[in-house]
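Thanks for coming. I will take one structure today and go through a few places in it.

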Amino acid sequence: MSAVEERLAELGLRLPEVVPPLAAYRPAVLTGPYVYTAGQLPMVDGELALTGKVGAEVTAEEAKELARTCALNALAAVKSVAGDLDRVARVVKVTGFVASAPDFTGQPGVLNGASELLVDVLGDKGVHARSAVGVAVLPLDAPVEIEIQVELTEAG
């Protein structure tokens, strides 16, 4: 087990199976030393954890937890192409989309769920640049979608 996966276990988490694509794309692509993930939804055991708009059917606190799930799914996608999460040199960028009720403006707080998870798991390597974007609707009526870009070290 990698050091990163040991850290996940210490946090009471496990790396899930990679979420299969919903359309014509790959969950993650490796190019040079970088991994780019596709947008990851809050899927748990093949099911969307919640649906609806944040600030309406979904609370900001629920959405923050969903963002954590998305980040965990993104780490699984990274591992699928990198082979080992211990190769993560740093998380470069996180982009998050929040399906928002018209008056909801708390997108950054929702995305903190993903950002905090990455730092909890990876330490300083998990600190990143970020964009938090409110949108009208996401695939499958998901409340949150997260994508990450990661720089890798050389394969050992």
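Start with residues 5-143: there the chain is 32% helix and 22% strand, and the end C-alpha atoms are 27 Å apart. Helices (H or I, at least four residues) and strands (E, at least two) are DSSP runs, numbered from the N terminus. UniProt, in an unreviewed entry, places the feature "domain: Endoribonuclease L-PSP/chorismate mutase-like" at residues 5-143; such annotations may be inferred rather than shown by experiment.

Two notes on the source. This is a predicted model, where local features need pLDDT of at least 70 and side-chain atom pairs count only at pLDDT 80 or more, while totals for chains, interfaces and linings use all residues. Residues are numbered from 1 along each chain as its sequence is written, and side-chain values use heavy atoms, leaving out hydrogens and water.

Glutamate 145 sits in strand 7 (residues 144-152). Lys and Arg count as positive, Asp and Glu as negative; His and the chain ends are not counted.

Arginine 87 lies in the loop between helix 2 (60-82) and strand 5 (88-99). Arginine 87 is also buried without a salt bridge, and glutamate 154, the nearest side chain of opposite charge, is 5.9 Å away.

Definitions and conventions
Buried < 20%, exposed > 50% of the residue type's maximum accessible area, 1.4 Å probe, protein only. Salt bridge = Lys/Arg side-chain N within 4 Å of Asp/Glu carboxyl O.
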